[in-house]
Amino acid sequence: MKQQIKEELLRQAKLTFNVALCVSAASAMMTLFGVGLIYFNKVSEASLTAGGGALATMTSLNLAKQAKDELCEMIEEDED
């Protein structure tokens with residue numbers, strides 16, 4: 001039973017990391033789109049888009065870090 005729980009936690013951590021990676025890529029594209037809007041003198045739309053992209057990037061990177069930390073904790077517990 002303990003092994004199944006560890007496998008499920010590992011699966012969830014991998015899924016979280018993959019989702020965070022996809023969100024990070026999408027938000028990077030959103031940020032670049034916001035920068036592109038600046039060149040077309042759409043400053044208010046550009047700041048909103050770039051800000052949203054930056055916020056999504058920070059959130060997704062935080063999720064990926066949490067997943068990594070959980071995996072490290074699982075490894076440490078398994079070694080004990």
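Mentor: Of the 80 residues in the protein, 19% are buried (buried means under 20% relative accessible area, exposed over 50%, partly exposed in between, with a 1.4 Å probe and protein chains only). The model is predicted: local features need pLDDT of at least 70 and side-chain atom pairs count only at pLDDT 80 or more, while totals for chains, interfaces and linings use all residues. Residues are numbered from 1 along each chain as its sequence is written, and side-chain values use heavy atoms, without hydrogens and water.

The overall form comes before the surface itself. The protein has two helices and zero strands (DSSP runs, H or I of at least four residues for helices and E of at least two for strands, numbered from the N terminus). Its C-alpha trace spans about 60 × 15 × 10 Å along the principal axes. The radius of gyration is 18 Å, whereas a compact globule of 80 residues would have one near 12 Å (taken over C-alpha atoms; the globule rule is 2.2 Å times the number of residues to the power 0.38).

Helix α1 covers residues 2–39 and contains L15. Together with V19 and V23, L15 forms a nonpolar surface patch with about 230 Å² of accessible area (patch members have over 30% relative accessible area and no salt bridge; like charges are joined within 9 Å and nonpolar side chains, Val, Leu, Ile, Met, Phe, Trp or Tyr, within 5 Å). L15 counts as partly exposed because its relative accessibility is 48%. V23 also lies in helix α1, and its relative accessible area of 35% makes V23 partly exposed. The C-alpha atoms of V23 and T59 are 8.9 Å apart, although 36 residues separate them in sequence.

A25 belongs to helix α1 and, at 44% relative accessible area, is partly exposed. From A25 to A56 the C-alpha distance is 9.7 Å, across 31 residues of sequence. L9, another residue of helix α1, is partly exposed at 38%. L9 and G52 lie 43 residues apart along the chain, and their C-alpha atoms are separated by 30 Å.

The charged part of the surface is found elsewhere. E70, E73, E76, E77 and E79 form a negative surface patch. One of these, E79, is in helix α2, which comprises residues 43–79. E79 is exposed, because its relative accessible area is 63%.

Methods
Areas by Shrake-Rupley, 256 points an atom, 1.4 Å probe, with all protein chains shown as cover. Salt bridge = Lys/Arg side-chain N within 4 Å of Asp/Glu carboxyl O. Lys, Arg positive; Asp, Glu negative; His and termini not counted. Charge placed at Lys NZ, Arg CZ, Asp CG, Glu CD.
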